[in-house]
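Subject: Structure for your review

Dear colleague,

Please find below the structure that I am handing over to you.

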Amino acid sequence: MIDVNKIRSDFPILSRKVNGQDLVYFDNAATSQTPTQVIDVIIDYYSRLNSNIHRGVHKLSQEATEAYEIARIKIQKHFNAAKPYEIILTSGTTEGINLIASGYSNLLKPKDELIISAMEHHSNIVPWQMLCEKTGAYLKVIPMTLEGTLNMKAFGELLNKKTKLVFINHVSNALGTVNPIVEIINKAHANDAYVLIDGAQACPHIKPDLQALDVDFYVTSAHKLCGPTGVGMLYGKAELLKLLPPYQGGGEMISTVTFEKTTYADLPHKFEAGTPNIAGVIAFGAALDYMNDIGFDSIAKYENELLNYATDSLQKIDGMKIYGEAHNKTAVISFNVGKIHPYDLGSILDQLGIAVRTGHHCAQPIMDFFEIPGTVRASFSFYNTFEEIDRFIAGVDKAAGMLQ
Amino acid sequence: MKSLKNFHFFEDWMQRYEYMIELGKSLPLIDEEYKTDNHIIKGCQSKVWIHAALEKEQVNFTADSDAIITKGIIAILIRVFSNQRPKAILEANTEFIDKIGLKEHLSPTRANGLASMIKQIKMYAVAFQTQLN
Ligand SMILES: Cc1ncc(COP(=O)(O)O)c(C=O)c1O
């Protein structure tokens with residue numbers, strides 16, 4: 001059970017006023033808010049531990065290194081990876097994807113095939129397009145249905161002996177659709193293709209078991225699950241990560257350096273050049289602790305109630321069109337009202353203290369598919385309330401009245 | 001430059017927005033033939049097209065947008081800048097945007113759109129000024 005009032009008291013920002021009104025924060029899919037438990041860890045790090053890791057003999061450095069490596073193990077346990085060194089700490093989902101894309105630029109041949117889906121975030125499209133330009137490989141796209149789900153029959157037909165890699169988001173950021181990644185992974189493996197799952201939108205709502213999924217690569221960002229911005233993780237099966245060349249050169253990622261030849265460090269350090277966001281990584285661990293204390297089952301159940309309540313209420317508004325009607329979706333509602341431009345609706349909601357996202361949500365191909373300039377997207381978190389949804393519905397109603 | 005006296009009398013944001021929406025409806029619309037990528041302004045969340053023509057040494061602007069509040073913003077700009085000599089447009093300062101409280105109501109992404117609109121208007125003026133010289 002979620003005690004939402006108790007939870008809300010953990011988030012200082014939720015008592016902020018915006019444009020003279022109590023903030024209603026419904027842009028959780030863009031970034032989530034940060035609880036005191038995580039903020040305190042960042043303050044504590046800079047107040048007590050700050051030093052560089054993995055290289056100092058002194059006490060501070062040892063303690064900071066230990067805290068950093070404990071965080072890596074927390075992340076490993078949370079996602080059930082087999083080994084801590086299969087967790088590469090990154091600046092976020094985008095960096096994780098680019099690291100893999102860059103690594104495969106030497107491993108692909110012309111006419112190899114890569115598969116992505118029609119509902120990817122730009123950060124899971126552009127790096128692969130760049131990879132194709134470099135290697136001469138082809139990018140194939142799994143089409144989408146009108147409900148905003150993947151056409152799995154078409155996926156089966158796209159797979160063939162030339163398919164090397166498949167990239168799919170676990171959950172679509174623009175539509176909230178939860179994709180059938182078990183089926184995707186199994187089918188791809190049956191074809192000897194590797195799979196990378198973009199978990200940026202899934203991880204705030206679902207706790208993936210990476211070993212059970214048998215996924216090859218999985219990426220996510222801490223800031224979507226109550227952690228700080230600019231931190232994330234890339235999971236890769238050790239035997240696959242070992243095949244990839246380092247991503248960036250620098251300190252920390254080497255074993256020995258001479259001007260003739262440098263030998264690289266082992267996993268995970270091979271991919272972690274330079275001083276990382278140490279406080280951020282430790283806070284990422286604290287964010288996972290925080291969410292696990294509440295419990296992902298309780299979170300999913302409560303958010304689903306918010307989603308159903310908001311969907312039912314929105315549908316009573318004249319001209320309402322919701323995009324993304326999959327049975328299995330996270331607490332995200334993308335919509336338009338009549339011919340009202342999402343920017344107009346979002347501007348009025350902002351005046352009412354209600355934060356939503358408007359535009360193409362970094363997923364322009366989805367907007368082109370539905371032939372719309374964009375949508376208004378409301379995304380809920382376990383710290384949101386039914387009363388906030390009522391205010392939001394009243395706001396949409398009022399804006400629609402002004403704009404039509 | 002023409003003033004926009006009415007504007008800062010609106011204390012209430014709703015009145016201000018309603019006025020902007022009204023202004024948007026009065027915008028001198030761009031000819032459909034000019035609604036092309038050549039006339040589109042980058043940096044706006046909504047699409048904005050602006051076209052200008054020189055008549056009797058004065059610049060006339062027409063525009064359109066797919067968002068009504070954006071249309072209101074362009075309508076304000078066009079009220080200020082239309083029927084002016086290119087030189088006057090070039091010399092005009094844009095403090096009025098702060099004064100009428102437009103800027104504070106525009107988030108950075110939207111403010112960028114506004115800045116791009118003004119830049120485009122001034123570019124037209126530069127082009128016409130060279131033509132007149
Ligand atoms: C599905 C998806 N992929 C990737 C990203 C990029 O995440 P980041 O900006 O943290 O790298 C996002 C964030 O908006 C996302 O929703």
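This is a predicted model: local features need pLDDT of at least 70, side-chain atom pairs count only at pLDDT 80 or more; totals for chains, interfaces and linings use all residues.

Ligand site

For Gln201(A), a side-chain N or O atom is 2.7 Å from an oxygen atom of the ligand. For Lys224(A), the distance between a side-chain N or O atom and a ligand oxygen is likewise 2.7 Å. In the case of His223(A), a polar side-chain atom lies 2.8 Å from an oxygen atom of the ligand. Of the 390 Å² of accessible area that the ligand has on its own, the protein covers 84%.

Helix packing in chain A

Helix α4 (residues 93–104) and helix α5 (residues 126–135) of chain A pack with their axes 9 Å apart, at an angle of about 10°. Angles under 35 degrees count as roughly parallel, so α4(A) is roughly parallel to α5(A). On the α4(A) side the contact is made by Ile97(A), Asn98(A), Ile100(A), Ala101(A) and Tyr104(A), and on the α5(A) side by Pro127(A), Trp128(A), Leu131(A) and Thr135(A). This contact contains seven nonpolar, two polar and no charged residues.

Helix packing in chain B

In chain B, the axes of helix α1 (residues 13–25) and helix α2 (residues 68–81) come within 7 Å and cross at roughly 75°. The two helices, α1(B) and α2(B), are therefore roughly perpendicular to each other. From α1(B), the residues that meet α2(B) include Tyr17(B), Met20(B), Ile21(B) and Leu23(B); among their counterparts in α2(B) are Ile69(B), Ile73(B), Ile76(B) and Arg79(B). By class, the contact has 10 nonpolar, two polar and three charged residues.

Backbone geometry

Most residues other than glycine have a negative phi, and most peptide bonds are trans. The peptide bond from Leu267(A) to Pro268(A) is cis, with omega near -5°; Pro268(A) is in the loop between β12 (262–264) and α10 (278–294) of chain A. Asn80(A), although not a glycine, has a positive phi of about 50°, and its place is in the loop between α3 (59–79) and β4 (87–90) of chain A.

With kind regards

Methods. Residues are numbered from 1 along each chain as its sequence is written. Chains are lettered from A and ligands numbered from 1 in the order in which they are written. Side-chain values use heavy atoms; hydrogens and water are left out. A polar contact is a pair of N or O atoms within 3.5 Å; within protein, one must be able to donate a hydrogen and the other to accept it, and residues adjacent in sequence count only if both atoms are side-chain atoms. Accessible areas come from the Shrake-Rupley method with a 1.4 Å probe; for residues, only the protein chains shown count as cover. Axes are lines fitted to C-alpha atoms, for helices over the stretch in contact, and angles run from 0 to 180 degrees between N-to-C directions. Helices (H or I, at least four residues) and strands (E, at least two) are DSSP runs, numbered from the N terminus. Angles under 35 degrees count as roughly parallel, over 145 as roughly antiparallel, 65 to 115 as roughly perpendicular and the rest as oblique. Contact means heavy atoms within 4.5 Å. Ala, Val, Leu, Ile, Met, Phe, Trp, Tyr, Cys and Pro count as nonpolar, Asp, Glu, Lys and Arg as charged, and the others, Gly among them, as polar.
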